Amino acid sequence: MKDLARESISGLPEYIPGKQVEEVVKQYNLKEVIKLASNENPLGASPLAIASINENAKFSYVYPDQRHTILKEALSAKLAVGKENLIIGNGSDEIMLLMAQVFLSAGDEVVLSRNTFSMYEFVTKIMDGTPVFVDLKDYTYDLDGILNAVTDRTKLIFLCNPNNPTGTIFSKERFDAFMSKVPDNVIVVLDEAYGDYSGSDIYPDGLKYVRAGKNLVILKTFSKVYGLAALRIGYGIAKPEIINYLHMAKMPFNVNRIGQFAALAALSDDKFFKESIENNERGKEYLYSELGKMGLKFLKTQANFIYIEFNENSDRIFIDLMKEGVIIRPLKSFGLPNSIRVTVGTMPQNERFIAALKKVVK
Ligand SMILES: Cc1ncc(COP(=O)(O)O)c(C=O)c1O
């Protein structure tokens with residue numbers, strides 16, 4: 001097959017997701033396993049979304065709305081942008097791929113950060129683009145370094161704010177300075193998958209650039225605080241010229257019907273949203289305090305996960321925690337072999353993680 005497949009595909013590394021609970025239960029013969037590896041919502045899915053899923057199951061024979069009209073109307077009202085500024089994807093991952101499919105030709109450069117979400121590199125390589133990497137600075141995106149890496153071959157820049165896996169953000173001030181210097185022929189993709197968790201006064205406002213017609217695509221998802229990761233719904237916000245091109249390349253029925261209605265219901269569930277944020281805040285404080293007492297190096301987070309760094313390769317810690325029934329994410333695949341990322345769970349899950357970590361860390 002090697003001679004038949006496109007060269008850029010055969011060279012691609014496989015995406016390494018968080019381990020599944022069922023897999024670990026079986027592998028280590030355990031009764032109860034908790035997963036704090038994929039930054040899912042530990043409170044589950046919004047009850048309003050679950051009711052909508054049940055209600056809509058009987059319409060599974062109907063094709064979904066390929067333009068996602070009802071969901072776009074709700075998002076448009078919530079975000080104060082036009083429906084023409086929105087595209088709904090099969091997860092925000094799909095919109096990253098669409099960006100690469102629409103805008104990259106072989107050899108075009110894409111500026112990325114190291115130690116960040118791997119999908120940006122993946123979609124670039126799928127389309128034969130050339131990733132140009134810039135190191136993090138103090139565990140945070142180096143926006144000046146990224147500007148310096150832009151050449152006349154650059155088509156796209158991917159930014160992740162808060163960054164997965166460090167949980168750090170770049171400020172409004174730095175982002176504004178960055179946007180004032182990005183050349184007009186480059187499109188910036190601002191991935192805000194964890195933006196809902198930040199609540200920081202200095203968190204940047206990307207929407208003002210979309211409203212001003214700049215080349216910025218903001219990505220958001222229903223997979224995290226809205227608790228709908230399994231249904232695969234994310235969205236992009238950009239000026240209509242960009243959105244129209246993305247629509248030309250997308251598959252007609254990319255987002256299933258149950259998902260579209262569940263997202264609509266989740267969006268209206270303010271109570272669940274608030275509880276999810278509050279649970280995250282409580283969990284963060286508890287974990288900071290316990291990790292601090294253990295003398296471990298960790299970063300304060302603007303997201304729903306915490307980055308922890310050890311003096312040894314974290315694969316051993318990952319495996320030993322798994323034997324204790326706790327799945328976390330080792331960060332070798334993010335280029336950080338001594339670090340792990342743990343999702344903030346419910347309080348019992350956080351306590352269980354800390355108890356297991358105490359046993360495992362020497
Ligand atoms: C930074 C970042 N962006 C996007 C995603 C993917 O979101 P979705 O489930 O909407 O494809 C993730 C998932 O973990 C993520 O960490």
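A residue is called buried here if 20 or more other C-beta atoms lie within 10 Å of its own, exposed if 12 or fewer do, and partly exposed in between, with C-beta atoms placed from the backbone. The model is predicted: local features need pLDDT of at least 70, side-chain atom pairs count only at pLDDT 80 or more, and totals for chains, interfaces and linings use all residues. Residue numbers start from 1 along each chain as its sequence is written.

**Stop 1: helix α5**

Select residues 92-103, which form helix α5; helices (H or I, at least four residues) and strands (E, at least two) are DSSP runs numbered from the N terminus. Ten of the twelve residues of α5 are buried. They are S92, D93, E94, I95, M96, L97, L98, M99, A100 and F103. From first C-alpha to last, α5 reaches 17 Å, close to the 16 Å expected at 1.5 Å a residue; the expected span is 1.5 Å times one less than the number of residues.

**Stop 2: the core**

Next, select M99, F158, V189, V217, L228, V326 and I328, which touch the most other members of the largest nonpolar core, a set of 94 residues. Such a core consists of buried Ala, Val, Leu, Ile, Met, Phe, Trp, Tyr and Cys residues joined through C-beta atoms within 7 Å. Helix α5 supplies the largest share of this core, seven residues. Where does the core lie relative to domain 1 and domain 2? Both domains give residues to the core, so it lies between them.

Centre the view on V326. Leaving aside residues up to four places away in sequence, V326 touches I34, L36, L321, R352, F353 and A356; contact means C-beta atoms, placed from the backbone, within 7 Å.

**Stop 3: the two domains**

Colour domain 1 (7-45 + 271-360) and domain 2 (47-267) separately; these bounds come from an automatic or database domain assignment. Their centres, taken over C-alpha atoms, are 24 Å apart. The contact takes 29 residues from domain 1 and 26 residues from domain 2. On the domain 1 side, α1 (7-10), α12 (270-293) and β10 (305-309) are the elements that give two or more residues. Helix α12 gives the most, with five residues. That side divides into 16 nonpolar, eleven polar and two charged residues; Ala, Val, Leu, Ile, Met, Phe, Trp, Tyr, Cys and Pro count as nonpolar, Asp, Glu, Lys and Arg as charged, and the others, Gly among them, as polar.

**Stop 4: the ligand**

Show the 13 residues that surround the ligand; G91, A193, T221, S223 and G234 are the closest. A residue belongs here if its C-beta atom, placed from the backbone, lies within 6 Å of the molecule. The shell holds four nonpolar, seven polar and two charged residues.

**Stop 5: loops**

In the loop between β5 (154-160) and α8 (172-181), find P162. A cis peptide bond joins N161 and P162, with omega about -5°. P165 lies in the loop between β5 and α8, and the peptide bond from N164 to P165 is cis, with omega near 25°.

Move to the loop between β4 (130-134) and α7 (143-148), which holds D138. Its phi is near 50°, a positive value in a residue other than glycine. Y139 has a positive phi of about 65°.

Finish at Y61, in the loop between α3 (47-56) and α4 (69-79).

Conventions. Two residues are in contact if their C-beta atoms, placed from the backbone, lie within 7 Å.
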